[in-house]
Amino acid sequence: MTSIRATFARSSAKPWFVLATALLVQWQFGAAHQTAAQLQTRPAPAPSATVFELAALGETQAAATAAVLYPQSFDAQSGQSVSLRSLDIGALSQWLKLAGDLNPSAQYPSFLASRIYAELATPDEARRLLYWIRDQFARAPQAHWPSLAHGVHLARYRLKDMTLARELATALRLADPQAVIPPWARQLEIFMLRESNELAAAQALLGGLIESGQVKDERALAVMVHDLQDIERRLQQDQRSMNPPAIADITHEAQ
């Protein structure tokens, strides 16, 4: 009892201490009993990479990790889950971009961008994310090719934007030959051309890819050569269907 009175006496001498304690208790109580309507959907603005790195005392790797963990955990607030679809994807993506600026070779920011946020974002926001993934891929192809390949899929089937899909697929095909990227990913543009019946363009690109020596695996190379032969056969069939033999030729063959 004496200690309680002593504490109260000390705190009475400092009214600000009582006020600060009361405010702290009120904040903790409110956070613990936050309602769904009070949950935030927009994160704090992302700082610049320079400011964030300084705050991390120059620990770039730690700063990049913190930048990506913040948006990843933003849907869990005060023990409650916020629907991902209700979150401000545009604002969250700024934190992913911050993480990418701090560590361009880190795969996780582009993975989250392609596999989660671009899947849920509005079409305009999704396009901005896919272009950002393409830029990250240009900086570190080997790290970001899976995200860019998924981005091709999103552009084609979710956004119905074949122009964007072709741009992203072209970036994969033209990537640094030294980057370890599977042949199927480099051929995505060729697959699209074949599906749209642009066989001559597909033939030219596939032939160039084979001749460039970018494909080292013999089995993958054999598959590509087989595909090239198949395209050539289809082109020949199309050519014959467009130029049917004359009646005199048919008669001659019949004789």
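Predicted model: local features only at pLDDT ≥ 70, side-chain atom pairs only at ≥ 80, totals over all residues.
**Entry 1: the pocket**

I then listed the residues that line the largest pocket: Pro-177, Gln-178, Ala-179, Val-180, Ile-181, Pro-182, Pro-183, Arg-186, Gln-214, Val-215, Lys-216 and Asp-217. Sorted by class, this lining has seven nonpolar, two polar and three charged residues.

**Entry 2: α5 and α7**

I turned to helix α5, residues 89–102, and helix α7, residues 123–139. Their axes come within 11 Å and cross at roughly 5°. Angles under 35 degrees count as roughly parallel, so I noted α5 as roughly parallel to α7. On the α5 side I found Ile-89, Gly-90, Ser-93, Leu-96, Lys-97, Gly-100 and Asp-101 making the contact. On the α7 side I wrote down Glu-125, Leu-129, Trp-132, Gln-136 and Arg-139. By class, I get four nonpolar, four polar and four charged residues for this contact of α5 with α7.

**Entry 3: α9 and α11**

How do the axes of α9 and α11 cross? I checked helix α9 (residues 162–173) against helix α11 (residues 188–195), and the axes cross at roughly 140° and come within 7 Å. The two helices are therefore oblique to each other. From α9, the contact uses Met-162, Ala-165, Arg-166, Ala-169, Thr-170, Leu-172 and Arg-173. From α11, I listed Leu-188, Glu-189, Met-192 and Leu-193. The residues of this contact of α9 with α11 divide into seven nonpolar, one polar and three charged.

**Entry 4: confidence**

I looked up the pLDDT last. The protein chain averages 77, and 75% of the residues score at least 70. Over residues 1–38 I found a pLDDT below 50. Beyond near neighbours in sequence, that stretch has nine contacts in the model.

Definitions and conventions
Residues numbered from 1 in each chain as written. Heavy atoms only, no water. Axes fitted to C-alpha atoms, helices over the stretch in contact; angles between N-to-C directions. Helix = DSSP H or I, 4+ residues; strand = E, 2+ residues; numbered from the N terminus. Parallel < 35°, antiparallel > 145°, perpendicular 65-115°, else oblique. Contact = heavy atoms within 4.5 Å. Nonpolar A, V, L, I, M, F, W, Y, C, P; charged D, E, K, R; others polar. 1 Å grid on protein atoms, 1.4 Å probe; cavity = no way out; pocket = protein on both sides within 12 Å on 5 of 7 lines; lining within 4 Å. pLDDT = per-residue confidence, 0-100.
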